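Open the model in your viewer and keep the selection panel handy. We'll go stop by stop: pick a stretch, look around, move on.

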Amino acid sequence: MEDRAIALDRQFVERVSQQDFLEIEQGWCHTRLGLSDADFVGMFESQMKSRLLDLESRKMRARNQGFYTIGSSGHEGNAACAAALRPTDMAFLHYRSAAFMIERARQVPGETSLWDMLLSFAASSEDPISGGRHKVLGSKRLMIPPQTSTIASHLPKAVGAALSIPLTQRLDIDSVLPEDSLVFCNFGDASANHASAQTAINAAGWAAYQQVPLPLLFVCEDNGIGISTATPSGWIAANFRDRAGIKYFYCDGRDLLDCYRVSRQAAEYARVKRRPVFLHVRTVRLMGHAGSDAEIAYLNKQKIFDNEAQDPLLLTAKQIIEAKLMSPDEIVEQYQSLKARIAAIAKVAAERPKLTSAKAAMAAVVPPVNDQVQAHQDLSEEAFVRLFSADKNSLGKPLHMGKLINMTLTEFMARQQNIVVCGEDVGKKGGVYHVTSRLVERFGPNRVINTLLDETSILGLAIGMAHNGLLPIPEIQFLAYVHNAEDQIRGEAATLPFFSNGQFTNPMVIRIAGLGYQKGFGGHFHNDNSLAVFRDIPGLILACPSNGEDAMGMLRECVRLAEQEQRLVIFLEPIALYMTRDLHQEGDGLWSHAYCPQEQAKALPYGELGVYGKGKTLAILSYGNGYYLSRQAERELAEQGIDCRVIDLRYLIPLNEEAIIAAVSECEHLLIVDECRRSGSVSEAIVTCVHERLGDLAPQMARLTAEDCFIPLAEAATLPLPGRSQIVEAALALVGEQALIGDQALVDEQDKDDEGSATIQRTGVRQAL
């Protein structure tokens, strides 16, 4: 069977020349739709450019000069969507949206869409959006954040961005998007089945059902197939025509004028009524899923031929000819001229510089510093007293960590009007552990947003709000729950700076309650002790305070990192330490601290370790609950004559390796206490770091971790976790092992009874290690 890309190219020329067109029902007139002759012809040109870029991408791939062949053929009708919108309407595009991208570029002076996209095909470092890191559709000037090919993961953040438009207006703060703009988000019919799509559409309808303004245009481009799996006929309409809170529109995306007519109606509805719209667009997929996809393996020849007869470029050509704007010969001439032009540009683009070093590739993992930080509001002494009037009896008194985090959030929100807290139960209930208590009373429901029970929507909401100048602090109730939505962190928030060369960022602080050791409770979903999901995400920062004093300083630093350095930060709060006040015995108050106002607070910079004690015999390195338990163990060890220092990592990802080495290098022994599982835990990285950096000069080392086990319920909850007594035993074993080896000659001189005792001791040491 003839290569379908070659066939489609040939058939367009032949059928236009012969005026061999498929008849369609609609007969719209472009002038009656408000389109000028120039705009109608311009939209057609955008369609042709999109098609010819698809064809050229396959030729570049054959020459090993291009590296992406998922094209837009059959979906060129979305050029009409771009024409129906404003260039200031933020657009989250799926990968078959080249015509939309080109048409929007036509509306903005100075754009060079062909050159830009061919640089992207060639993975050139001069590609203006990704810098050669991926072929993405995106542009800062065109208000199009880039997307990769993760299925439907961009829908949740589209909901957040749309919600942020009227929200910033209500809050009267500066925003990126104009107050009368909307958000556009398109996807395919197969992607509509994905959990991320379903949750986003549900969240949009859930909000709109409650009269929450949400100017959002969902566009489902229905070509009837997902790679090789057919979408049942009528499935999209049956599922989305009558969704609560969402207005449904339908158009024929093969017909450029019908698509423009309905897109304009849908956009006007979303913009004026500020309600979400689901625009169902009939399309057809041509040339398969990608260049490597042979449709003949799963479609019969006649079906392929029938699809090609529905080519939207042929239908637009027919309309252009009938409107007497161009003759068949003129259309063919323009098509061939554009083809030659694109081929010539491609040859130049293929020779442009590529990324040539790991350093260059990694340059966009960490976003650039924000040089336009909004001014913070000053808090006079009188305003401070008013702010904390409900907590006046707590000021100046020792408090537990949960309360100190609450008060820190309170002061932050009073000083920074762009901070928004969101999550399930964060409003009147004050969160599961009351860490957000009284925030909604103090700052109102526009800044303390109670969300539906859906972590994907919570994180998508935050990502979208960050696109529009807000500084979100979303809450995930439990660490185990983040796995429901981890792709929003991994595939969306963390990748955005990388795939936009630092032009788009997701600054936010994600608060997560987690880890184990909860008294009288348990169970895996409320006591998850695995951080592995975060450990390999480039650019992410993970902070974990062990006490209230550190929590105040670290939360302030995390907000600074998000605001000034545009970082994606996770603030992991150990649940078992929320209400902890005492360290050694009841009433000692050693784990409680007074609230320190922001202006008086000591800086706790990113990466700085906490070090207790100056001992050189043994260093215990830990974090969170492990640090708390290690401080308890330290007293017992001191009573046994072992001088010890206890080190709190505080920031777990990425590790401050220089600080770790400086803290442990002068010690004889190092015990790493890790409350997370032995496999995939941060202690693995610490052991590697110490060995690689210190080699033979490294202290004698051991690690004590949780078992590779889920956490059971009730009294059994602490069984897989390290405890204080285990830390003491492991420390004694580590320090004692070296002494036993050095005293081997003395052991040999002992009598049989003593020798047997020593052997048992050595065995016990090895078991403990």
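Start by selecting helix α5, residues 113-121. Buried here are S113, L114, D116, M117, L118, L119, S120 and F121, buried meaning under 20% relative accessible area, with over 50% counted as exposed and anything in between as partly exposed (1.4 Å probe, protein chains only). That makes eight of the nine residues, so α5 is largely enclosed by the rest of the structure. Then step to A123, which follows α5 and has a positive phi, near 55°.

A word on ground rules: this is a predicted model, where local features need pLDDT of at least 70 and side-chain atom pairs count only at pLDDT 80 or more, while totals for chains, interfaces and linings use all residues. Residues are numbered from 1 along each chain as its sequence is written, and side-chain values use heavy atoms, leaving out hydrogens and water. Helices (H or I, at least four residues) and strands (E, at least two) are DSSP runs numbered from the N terminus.

Next, the seven-strand sheet. Select β9-β8-β10-β11-β13-β12-β17, in that order: an open sheet with mixed pairing, where two strands pair if DSSP finds at least two bridges between them. At its edges are β9 (448-450) and β17 (651-653), each pairing on one side only. On average, neighbouring strands are turned by 20° against each other, direction ignored. Zoom in on β8 (419-423) and β10 (471-476), which are parallel and share four bridges; I419 stands opposite L471. Now show helix α17 (455-466), which packs on this sheet and touches β8, β9, β10 and β11 (508-514), its direction making about 170° with that of β10. Touching, or contact, means heavy atoms within 4.5 Å; axes are lines fitted to C-alpha atoms, for helices over the stretch in contact, with angles from 0 to 180 degrees between N-to-C directions.

Move on to the other open sheet, five strands in the order β14-β16-β15-β18-β19, again with mixed pairing. β14 (610-612) and β19 (700-706) stand at the edges with a single partner strand each, so one side of each lacks a neighbour in the sheet. The twist averages 20° from one strand to the next. Select β18 (669-677) with β19: they run parallel, joined by seven bridges, and R677 has A706 as its bridge partner. Helix α24 (682-694) packs on the sheet, touching β15, β18 and β19, at about 170° to β19. Helix α23 (657-664) lies across β15 (618-622), β16 (644-648) and β18, running at about 170° to β16.

On a 1 Å grid over the protein atoms alone, a cavity is a set of points where a 1.4 Å probe fits but cannot get out; a pocket is an open set with protein on both sides within 12 Å along at least five of seven lines, and lining residues have an atom within 4 Å of a point. Grid points are joined across faces, edges and corners, and a volume is the space filled by probe spheres set on the points.

Which residues lie closest to the centre of the largest pocket? Select V176, N370, A466, G469 and Q566, out of 26 lining residues. The space there is about 680 Å³.

There are also six cavities of 30 Å³ or more. The largest cavity, about 90 Å³, has eleven lining residues, with Y68, Y95, K135, V136 and Q147 nearest its centre.
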